[in-house]
Amino acid sequence: MNIATYLKIYQLLKHDTTTQEQRRAFALQHHLDDRAPLQQLIAWLQYHKQELPRKDLASQYTHFDELLLLLTVLIAFAIGFGAAEVVLHYTGKEPVNIIHFLFISFLLPLFSMGLSLFAFIKPTFFSRFSLSSLIQKLLQRFEDKKLQTPFLEYPHIFQWLLIVRIHIGALWFALGILSALLLNVTTQDIAFSWSSTLSITPHALHQFLSTLALPWSWAIEQGVPSLSLIEQSHYFRLGNTISQTMLQQPQQLGQWWKFLALQTLFYAVFLRLILYGISRYKLHKTLQKTLLSLPEAQTLLHQLNTPIIQTQSPIQEQPLCIDDTIQHTPYKPAISTHYETILGYAFNTQELPLFAEVYHITAKTFKTIGGNNTLQEDDAIIQNLQGEIALFVKSWEVPTMDFFDTMEAITQKTPHITLYLIGYKTNNYKAKQEEQALWEKMLTHHNFTNVRIHR
Amino acid sequence: MNHPTFAVVGHPNKGKSSIVSALALDDGVAISSIPGTTHYNRSYPLRVDGKIIYELFDTPGFQRARKVLAWLEQYEVRADQKDTIVAKFIAEHKDDPTFHDEIELLEPILAGAGIIYVVDASKPYSSEYEAEMEILRWCNQPSMALINHIEEQDYSHEWKKALGHYFKLIRTYNPIKATYQDHITILESMAHLNEEWMQSIKNSIDIFKQHHQQLRHQAALIIATLLQDAIQATLKLPLYNEALLQERKAQLTTRYEEHLRTLEHKAYLNIQHTLHHQNLQTSAFDLPFEHIDLFSNEAASLFGLTKKELLLTATTSGALTGGAIDLAFAGHTGFLGALTGALIGSSGAYIGFEKLSEVTILGKKLGQKELLIGPMKNRNFPYILLGRAIFYTHLLLHHSHAKRQQLKIEMDESFKEQIFSATTRNQLEVYHKKFRAKKHSTQAIREEYAAIIVTILQQLDKQEQN
């Protein structure tokens, strides 16, 4: 994960208009592993990158960043080189004080690396400095105004970017110092010495420098300044003259360069490289974490990884409507108490006299139609019908077309039919109001408006 | 068909469409007391990522069963060939409107669907159903009977005896009262109809469980967003004339309350839609709790915390925050941190119990001022809002998609004790604080808050089952 990828995904997510179904289809098509959310986002980017504008946020930032990086490298190298040139300036009158060189090649880098370590713990530390705010404002110029700023919204990214750039600068600063040192020792004869107002014995300095040289002393013995070299190169600025001790073996004074080069390489370059590596890693992790915590990314990942479960019918049902505007024929109350035949639709024949008694009606014959009867049996009964007919039906059972077919056949034999809706025993065999209303509606709908219903 | 299919068939008006509506979690299925509402067979597939796991067919009721049976019985064939005669019937009468409903219900069965025959055991058994059951036997497909109870009477005993002659399995299922567990039980029964369907149906049970969890999580996230938006809501009103200060304050407060009501209403609609209750009957602009005002004392006492509970929660939460400081200093503070935190927490809760929020005056350039109300200062209000939302969601989660009546909200004070235990209150208070401090309000915080809501909903489900 680098900043360009982050910005591309960021911009894509902000402008994305895909539906949940499209996202899920993408995940299934590409067999994305839901345990690797970052890979999912990158795969998403690869698939949709053509939707990004030509001059997207990432390309704008990259262009700006490359320029800035080049400037940083050049300036840092120049400063390092220049600083080294200053401290290594040898006129021949005085030897070069290695303490000055150690200051810029050892102390200064260590100090800045110490600050850097502090920044690892608290990355927002650098936001206190106005330079950081200035750089943030510069970055803003290159951000899409329509988008929420990817850096200011998530300052941790910006802080790590800054830390990485600082390390690059510091690294090239150190390389400048090293280059200057190597150039000078190659092109001229330099006498190195050490000089300090502090009461440092050669022995103490030897111990200190041997400790500093531990990382390479096992491999390069010449890289460790010997005690005799240290004793010999102790310079006292008294009377502006070179001491006799130093003049005894002048060629030794130049041997310091190995130590100086190696300590620059180790402490200013190598350690800096490690910190640079760590800060790159932290930037990488911060970018990952920030990307994965973007609300749009979380929504996308959720929709990529969540199966779309649907249980509903895709088409809205249009129910069959019964026209309520049709006027129900006002039914005349039944006036007959005696019928030619009492028919029971889907009743047992034995039940019919009981119902007749409830409704105080009588009949010559009781017959059962519908129910378990065959169609031929029904036909035979209907053929013999004449006169007034009472038809008992179950009020709780809605009439089907089988019933209406039967009614059709009956009405063709005789028009004088009275319907009795038989309810539950618990209701004295009387129908409920809603059952009555339903039957009336159904009969009207099927044009049996002449059939009387007993109320 | 490669996946299991089931045709829900039966006499008209026995609850077939209600059963399909409940099993398919679809409140758009046309249900009516008028028989013949369903005129065509319609598929309700369970789909995962577009792939059909199983299909339910809602069908019209039998209309002319005796005629169809009479036609079939004119052919004397072996039992294993009876389905071919049914196929012949369909082929010959495809364009005959007389048998339209029978064709619609038989077609999916002949295409391989298992039969789910629905009866209403709140009505007495009658021999007129036997023609229907006999026709279904001719189809030679695995079949089960579902006993529904539309009304309160129970004639199950006589029904079971009769159904046992025709069907492999008999189960009772009331789509109006059925719980999520009942749904799963029916699916398990459907799996036993055909050995080949066992694995698919078992997968679908896992899918339903996953779906139920997803719906609960989505609803919880909506509630979390509602709480965050409501707590963080602010409104401004320009103040042109200082003499009208009180009037403008009152105006702003009214607008603020209305805004909160609107937020709540939108969240409830969102929850409805998420739980597939798009057609749930409720008035367009009314709150679900029509008879209870969000800001009334009754609402506060029903869902909010009592003063005592609020003080206890605020004190505990404040003490915990202060205690962290004590810990940082290894106790050298003499636990003053915890004590101070507790005092600050409790006094804040005590003072802020009655008012919703402060109206402050903001000064702007050129002397123009404006009034600002919000964010929410009242410590109790989030609990009121949350309690209502959880109550509503819990009702919807258990509201059958077969029900067509308006959802009645009958609030019960004991509900509050079920959802806001002392531990839960402490957990919630932490997040309410984070919502108040806007800079901490991230998606991750909402997700964590939603997780607490999911836990509460799960606990409510368990309590209902027990």
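Predicted model: local features only at pLDDT ≥ 70, side-chain atom pairs only at ≥ 80, totals over all residues.
Colleague: How far apart are the closest N and O atoms of D49(B) and R24(A)?

Modeller: The pair consists of D49 of chain B and R24 of chain A, and it forms a salt bridge. Between chain A and chain B the count is 8 salt bridges. For D49(B) and R24(A), the closest N and O atoms are separated by 2.7 Å.

Colleague: Which helix supplies the largest share of the side of chain A that touches chain B?

Modeller: Several elements of chain A each supply at least two residues of that side, among them α2 (20-29), α13 (295-305), β3 (309-310) and α17 (433-445). The largest share is 4 residues, and its source is α16(A).

Colleague: How many residues of the side of chain A that touches chain B are charged?

Modeller: Chain A brings 41 residues to the contact, and chain B brings 49 residues. On the side of chain A, 18 residues are nonpolar and 14 are polar. The charged residues there number 9.

Colleague: What percentage of the area buried between chain A and chain B do carbon and sulfur atoms give?

Modeller: The rule finds 17 residue pairs in polar contact across this interface, both residues being at pLDDT 80 or more. The buried area is about 4100 Å². Of that area, the share from carbon and sulfur atoms is 49%.

Colleague: Which residue is the bridge partner of Q310(A) in β2(B)?

Modeller: Strand β3(A) and strand β2 (residues 42-48) of chain B run antiparallel and are joined by 2 bridges. Within β2(B), Q310(A) has as its bridge partner R47(B).

Colleague: Why does the pair of E151(B) and K432(A) join two chains?

Modeller: E151(B) forms a salt bridge with K432(A), with the closest N and O atoms 3.3 Å apart. The pair joins two chains because E151(B) lies in the loop between β5 (143-148) and α6 (156-163) of chain B, while K432(A) lies in the loop between β7 (417-422) and α17 of chain A.

Colleague: Which residue of chain B is linked with D378(A) and D402(A) in a network of salt bridges?

Modeller: Over all chains, a search of the whole structure finds 27 salt bridges. One network links D378(A) and D402(A) with a residue of chain B, R66(B).

Colleague: How many residues apart are D65(A) and R165(A)?

Modeller: D65(A) and R165(A) form a salt bridge, the closest N and O atoms being 2.7 Å apart. This pair links distant parts of the chain, with D65(A) in helix α4 (residues 57-87) and R165(A) in helix α7 (residues 155-187) of chain A. D65(A) counts as buried at 11% relative accessibility, and R165(A) is buried at 18%. The separation between D65(A) and R165(A) is 100 residues.

Colleague: What is the relative accessibility of R23(A)?

Modeller: D16(A) forms a salt bridge with R23(A), and their closest N and O atoms are 2.4 Å apart. D16(A) counts as buried at 15% relative accessibility. R23(A) also counts as buried, at a relative accessibility of 8%.

Colleague: Which side chain does S116(A) join in a polar contact of 2.6 Å?

Modeller: S116(A) has its place in helix α5 (residues 98-121) of chain A. At 4% relative accessibility, S116(A) counts as buried. Not counting residues up to four places away in sequence, S116(A) touches I163(A), H167(A) and L275(A). The polar contact of 2.6 Å joins the side chain of S116(A) to that of H167(A).

Colleague: How many of the 11 residues of α4(B) are buried?

Modeller: Helix α4 (residues 100-110) of chain B is mostly covered. What covers its buried residues includes β1 (5-10), β3 (51-58) and α3 (82-93) of chain B. The buried residues include D101(B), E104(B) and L106(B). Of the 11 residues, the number buried is 8.

Terms used
Residues numbered from 1 in each chain as written. Chains lettered and ligands numbered in written order. Heavy atoms only, no water. Contact = heavy atoms within 4.5 Å. Buried area = accessible area lost by both parts, 1.4 Å probe. Salt bridge = Lys/Arg side-chain N within 4 Å of Asp/Glu carboxyl O. Polar contact = N/O pair within 3.5 Å; in protein donor to acceptor, adjacent residues only side chain to side chain. Nonpolar A, V, L, I, M, F, W, Y, C, P; charged D, E, K, R; others polar. Pairing = 2+ DSSP bridges. Buried < 20%, exposed > 50% of the residue type's maximum accessible area, 1.4 Å probe, protein only.
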